[in-house]
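Please read the following points beside the sequence and the three-dimensional view. They are arranged so that each residue can be located as it is discussed.

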Amino acid sequence: MPKFLIQASYTSEGTKGLLEEGASGRRAAVEQVVTGLGGQVEAMYFAFGQDDVVLIVDFPDPVSMAAVSLTVKASGALHTRATPLLTVDEIDEATRRQVAFRAPGGPQDE
């Protein structure tokens with residue numbers, strides 16, 4: 001199942017909601033959204049600095065992650081970034097694939 005790192009920062013409205021609900025209320029809301037699309041929350045941490053929340057989630061497919069991302073962003077309560085995470089085996093597989101690529105300005109094949 002594809003795994004994603006989600007980094008989020010609350011807007012002022014989102015922070016007000018967090019203050020009302022508490023962290024456990026937000027965790028329950030996240031669990032409901034993720035499991036509702038067939039996913040699983042592996043980890044959820046609150047932080048301070050640029051990011052207020054950091055999660056690792058599994059979704060059955062990237063479209064499910066995109067659906068959540070669009071819905072959350074449309075709420076205006078959070079600014080989010082989702083990064084696909086790849087396993088060591090997936091990167092090993094990627095290194096074995098042949099890719100035809102020419103860097104910009106590089107020599108042309110003749």
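1. Serine 64 is buried, with a relative accessible area of 11%; buried means under 20% relative accessible area, exposed over 50%, and partly exposed in between, with a 1.4 Å probe and protein chains only. Serine 64 belongs to helix α2, where helices (H or I, at least four residues) and strands (E, at least two) are DSSP runs numbered from the N terminus. If residues up to four places away in sequence are not counted, serine 64 touches Leu37 and Phe59, contact meaning heavy atoms within 4.5 Å. Serine 64 and valine 34 are 30 residues apart in sequence, and their C-alpha atoms are 8.8 Å apart in space.

2. On the basis of the note: this is a predicted model, in which local features need pLDDT of at least 70 and side-chain atom pairs count only at pLDDT 80 or more, while totals for chains, interfaces and linings use all residues. Residues are numbered from 1 along each chain as its sequence is written, and side-chain values use heavy atoms, with hydrogens and water left out.

3. Phenylalanine 59 is also in contact with residues from several parts of the sequence. Not counting residues up to four places away in sequence, phenylalanine 59 touches Met1, Pro2, Phe4, Val34, Leu37, Gly39, Ser64, Met65 and Val68. Which residues have the most contacts inside the largest nonpolar core? They are Leu55, Val57 and Phe59, in a core of 16 residues. Such a core is a set of buried Ala, Val, Leu, Ile, Met, Phe, Trp, Tyr and Cys residues joined through side-chain atoms within 4.5 Å. Two or more residues of this core come from each of β1, α1, β2, β3 and α2, and β1 gives the largest share, 4 residues. In soluble globular proteins, nonpolar side chains tend to be buried together.

4. β1 is mostly covered, with 6 of its 8 residues buried. β1 pairs with β3 in the antiparallel sense over 6 bridges; two strands pair if DSSP finds at least two bridges between them. Lysine 3 has aspartate 58 of β3 as its bridge partner, and leucine 5 has isoleucine 56 of β3. β1 is also joined to β4 by 8 bridges, and these two strands run antiparallel. There, tyrosine 10 stands opposite leucine 78 in β4.

5. Strand β2 (residues 40-46) is joined to β3 by 6 bridges, and the two run antiparallel. Phenylalanine 46 stands opposite valine 53 in β3. β2 and β3 form a hairpin with 6 residues between them, and glycine 49 in the turn has a positive phi of about 120°.

6. The largest pocket has a volume of about 420 Å³. On a 1 Å grid over the protein atoms alone, a pocket is an open set of points where a 1.4 Å probe fits, with protein on both sides within 12 Å along at least five of seven lines; lining residues have an atom within 4 Å of a point. Grid points are joined across faces, edges and corners, and a volume is the space filled by probe spheres set on the points. Of the 20 lining residues, Arg26, Val30, Val68, Val72 and Leu78 are the closest to the centre of the largest pocket. The largest share of this lining, 6 residues, comes from α2. The lining divides into 15 nonpolar, 4 polar and 1 charged residues: Ala, Val, Leu, Ile, Met, Phe, Trp, Tyr, Cys and Pro count as nonpolar, Asp, Glu, Lys and Arg as charged, and the others, Gly among them, as polar.

7. The second largest pocket holds about 160 Å³ of space. β1 and β4 each supply at least two residues of its lining, which has 7 nonpolar, 1 polar and 2 charged residues. Among the lining residues are Met1, Phe4, Pro62 and Glu90.

8. Threonine 15, in helix α1, is partly exposed, with a relative accessible area of 31%. Proline 104 lies in the segment after α3 (88-96) and is exposed, with a relative accessible area of 78%. Proline 104 and aspartate 58 are 46 residues apart in sequence and 36 Å apart in space, C-alpha to C-alpha.
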